[in-house]
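Please find below a colleague's note on this structure.

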Amino acid sequence: MAVGVGLGLADLPFSCADAYWEWVDMAEDGGVDSMWQTDRLVSPIPILECMSAMAAIAGRTRRMKFGMNVASLGLRDPLLTAKQCATIDFLSNGRLLPAFGVGSAVAPDWGATGRSPKGSGKVADEAMALITRLWREDAVSFQGEHFTYENARIEPKPVQKNLPFWIGGSSKPAIRRTAQYGTGWQAGQETADELPPVLDAIKAALEKNGRSIDPDHYGAGFHFYFGDWDGADLPKRTRSFEKRTGRDAKLHFAVGGADDILARIQGYADAGISKFILRPIGLTDSELIAQTQKLVEAVIPEAVKLEAKVG
């Protein structure tokens, strides 16, 4: 399986729109496979709203695909989400790669809106069922615990007749949702060594459901930095990551040269991952642009020559 390298943002590290669009243009012209935006509504730091960002990227680009990693269906209305995705896919001539999950239980969105993440998994289950039906069916009627629809319909439908539906997460419910609805799966914090049992569980659940996912629709991501571990804000960033996740940052950040980043990609590819979301690290607009330029020039041309294992 051929390897595809995309770019992602966990927040908005750029100081202004012009710098952001310079970065997007570089990705579009530099052979980047796809672009991904994290979904977070409430935040003390700048984060773009993912649906709005994808709509803007659709108008700015002509080649590159794009998605959200991942949209939180425990929080988002399924009818509005389905309509937004269908519109963006229509206007981009079929370049949307939507990805969904329940949403982090520790996200500040819950408390800020007076809601609890308790029971959000069931909300997401109903939302996933509704969204997939709204994209395909002429009219949808549904009676659930959380949503009731009567002849709901969206037009225009997505350009992609089988619009991708990627699922994120490795919990048992996430694996179940992937087997029920997913056309692709995106890893979270798993290292390459931790992936084989998760992938085996997904494939077993798919078989049980009489479904399959294309072998090249499994993805993973990590932060990258050309330099050493004292560069940019890496000491502060890694301490924050380790405090938040309890994981060793050196296993989740690729730091060094092009060979180090390619080695990290190869490790995941050996586990059966072929789609990647890489997130640049930098303190300034110019540093983020320079980091991405190095990725475009030194990593992507070599990464696309790699082959991921077919499980």
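**Note on salt bridges and a surface patch**

1. Asp25 and Arg60 form a salt bridge, with the closest N and O atoms 2.8 Å apart. A salt bridge here is a side-chain nitrogen of Lys or Arg within 4 Å of a carboxyl oxygen of Asp or Glu. Because Asp25 lies in helix H1 (residues 17-29) and Arg60 in helix H2 (residues 50-60), the pair ties together parts that are 35 residues apart in sequence. Helices (H or I, at least four residues) and strands (E, at least two) are DSSP runs, numbered from the N terminus.

2. The model is predicted: local features need pLDDT of at least 70, side-chain atom pairs count only at pLDDT 80 or more, and totals for chains, interfaces and linings use all residues. Residues are numbered from 1 along each chain as its sequence is written, and side-chain values use heavy atoms, with hydrogens and water left out.

3. Buried means under 20% relative accessible area, exposed over 50%, and partly exposed in between (1.4 Å probe, protein chains only).

4. A salt bridge also joins the side chains of Asp125 and Arg176, at 3.0 Å from N to O. This pair links distant parts of the chain, with Asp125 in helix H5 (residues 120-136) and Arg176 in helix H6 (residues 172-181), 51 residues apart. Asp125 is buried, with a relative accessible area of 17%, whereas Arg176 is partly exposed at 35%.

5. The side chains of Lys275 and Asp216 meet in a salt bridge at 3.9 Å, N to O. Lys275 lies in strand E12 (residues 275-280) and Asp216 in the loop between helix H7 (195-208) and strand E10 (218-226), so the pair ties together parts that are 59 residues apart in sequence. Asp216 counts as partly exposed, at 28% relative accessibility.

6. How many salt bridges does a search of the whole structure find? The search finds 13. Asp39, Glu49 and Arg76 are linked in a network of such contacts.

7. On the surface, Phe90, Leu91 and Val159 form a nonpolar patch with about 290 Å² of accessible area together. Patches are made of residues with over 30% relative accessible area and no salt bridge; like charges are joined within 9 Å, nonpolar side chains (Val, Leu, Ile, Met, Phe, Trp, Tyr) within 5 Å. Accessible areas come from the Shrake-Rupley method with a 1.4 Å probe; for residues, only the protein chains shown count as cover. Val159 sits in the loop between strand E7 (148-152) and strand E8 (166-168), and is partly exposed, with a relative accessible area of 37%.
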